[in-house]
Amino acid sequence: MKKQRWTCIDILKCLAALAVVEIHKPLKVQSGAELLILCRFAVPVFFMITGFFYSETVAHRRELKQIGKILTITIGANLFYLIWKVLLALENGNNIKDALLARFEERMPEDFILWNFSPLSPHLWYLQALVYVLVIAFIVEHLGLRKLAYLAVPVLLAGNLIKGNYSLLLLGKDYCHVYYARNFLYCGLPFFWLGCLFGERKEALEGCLDKKKMTLLLGGILVFWNMALMEQRWLTKMNALGTEEEYGGTIFLAVCIFLLFIGWQNFYKENVVTRIMAKIGKDYSMLIYVLHYAVLQALSKCFKGRHTMLARGYRQYGMMFVFAATVVLVAAYGAAKRKLRENSTVKVGNAVLERV
């Protein structure tokens, strides 16, 4: 019997990719700031999704293959953005060497190795953090320490808050840097292990998440979204707003959203919209994450100083432009890759026939 795919998780991946684009290119609309707080669920959910399926990865002994795949994407993404920085420098008439050296600070090697800070593009931290998380998970799994790792989750999440949004209040200005909280240790590992914990209980969760509990989760999303908003306003009032990453409310918000989509699997009915979203989440979400920042920079440069209706639309609704353009680019890349693979297969087949 063919195993049923978690289509609702694919849809969640699509929404998380959209939320990442919103974080980097916010909509200029009423309540835009509140929407931005909501979208902070995205990266924690990405880590939870990886953890959710990790038991299956272990069962099929694919841990090293998974690490190799993410490492390849990480290296490829950094090389892509290195070339992209060179192209931007040429476009702006800057000296390439100076432009590249300007990206590397005095503490960069330490921050890159310890805190996953990338000098080439700020969003690439996630890929390196994911590699670290998977390597640590591989070691923990083979030492039989997963239950101990679960016990570390509250400590690491507390570290996320202390090193992140509450760093200015609790630690002072010198320790208020986004990459001290946004890294494998305080963001990647705790959410990954939460995903593993839920993944071990897939069947139990599916069985207990009925419509009544789904309604409670929807209510939880609203409650914890407002909790995150209140945290932001209180820290702003105290003049102690830290890195503006995860708030306490964001942690619970991300968990509620994740559980909601697990529960939705019981009641899911496909339509045109959900089918498209599932396709985007399943096949395109990782490349959307990697490429959207370059698309954003290209579109911003293209529309800069223009006063056409399209340019005004981009300035107000840029997130939609960036997401749509990135999806088209990734889809075109996927189609070209499949075509090349088919042509290669045909050539190999013809060569074999000729030898026969």
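Me: How many helices and strands are in the chain?
Reply: The predicted model has 17 helices and 0 strands.

Me: Take α1 and α3. At what angle do the axes cross?
Reply: Roughly 150°. The axes of α1 (residues 7-24) and α3 (residues 42-52) come within 9 Å.

Me: Is that crossing left-handed or right-handed?
Reply: The crossing of α1 and α3 is left-handed.

Me: Which residues make the contact?
Reply: From α1, Ile 9, Leu 12, Lys 13, Ala 16, Ala 17, Ala 19 and Val 20. From α3, Ala 42, Val 43, Val 45, Phe 46 and Ile 49. By class, that contact has 11 nonpolar residues, no polar and 1 charged.

Me: Now α12 and α15. What are the angle and the axis distance?
Reply: The angle is about 35°, and the axes are 12 Å apart. α12 covers residues 184-199 and α15 covers residues 248-264. Their crossing is right-handed.

Me: Which residues make the contact there?
Reply: Phe 191, Leu 194 and Phe 198 of α12 meet Ile 251, Val 255, Phe 258 and Leu 259 of α15.

Me: Switching to the whole chain. What is the radius of gyration?
Reply: 22 Å. A compact globule of 356 residues would be near 21 Å, so the chain agrees with that. The C-alpha trace spans about 75 × 60 × 45 Å along its principal axes.

Me: What share of residues is buried?
Reply: 47% of the 356 residues. The accessible surface is about 19200 Å², with 65% belonging to carbon and sulfur atoms.

Notes:
Residues are numbered from 1 along each chain as its sequence is written. This is a predicted model: local features need pLDDT of at least 70, side-chain atom pairs count only at pLDDT 80 or more; totals for chains, interfaces and linings use all residues. Side-chain values use heavy atoms; hydrogens and water are left out. Axes are lines fitted to C-alpha atoms, for helices over the stretch in contact, and angles run from 0 to 180 degrees between N-to-C directions. Helices (H or I, at least four residues) and strands (E, at least two) are DSSP runs, numbered from the N terminus. A crossing is left-handed if the near helix is turned anticlockwise from the far one by less than a right angle, and right-handed if clockwise. Contact means heavy atoms within 4.5 Å. Ala, Val, Leu, Ile, Met, Phe, Trp, Tyr, Cys and Pro count as nonpolar, Asp, Glu, Lys and Arg as charged, and the others, Gly among them, as polar. The radius of gyration is taken over C-alpha atoms; the globule rule is 2.2 Å times the number of residues to the power 0.38. Buried means under 20% relative accessible area, exposed over 50%, partly exposed in between (1.4 Å probe, protein chains only). Accessible areas come from the Shrake-Rupley method with a 1.4 Å probe; for residues, only the protein chains shown count as cover.
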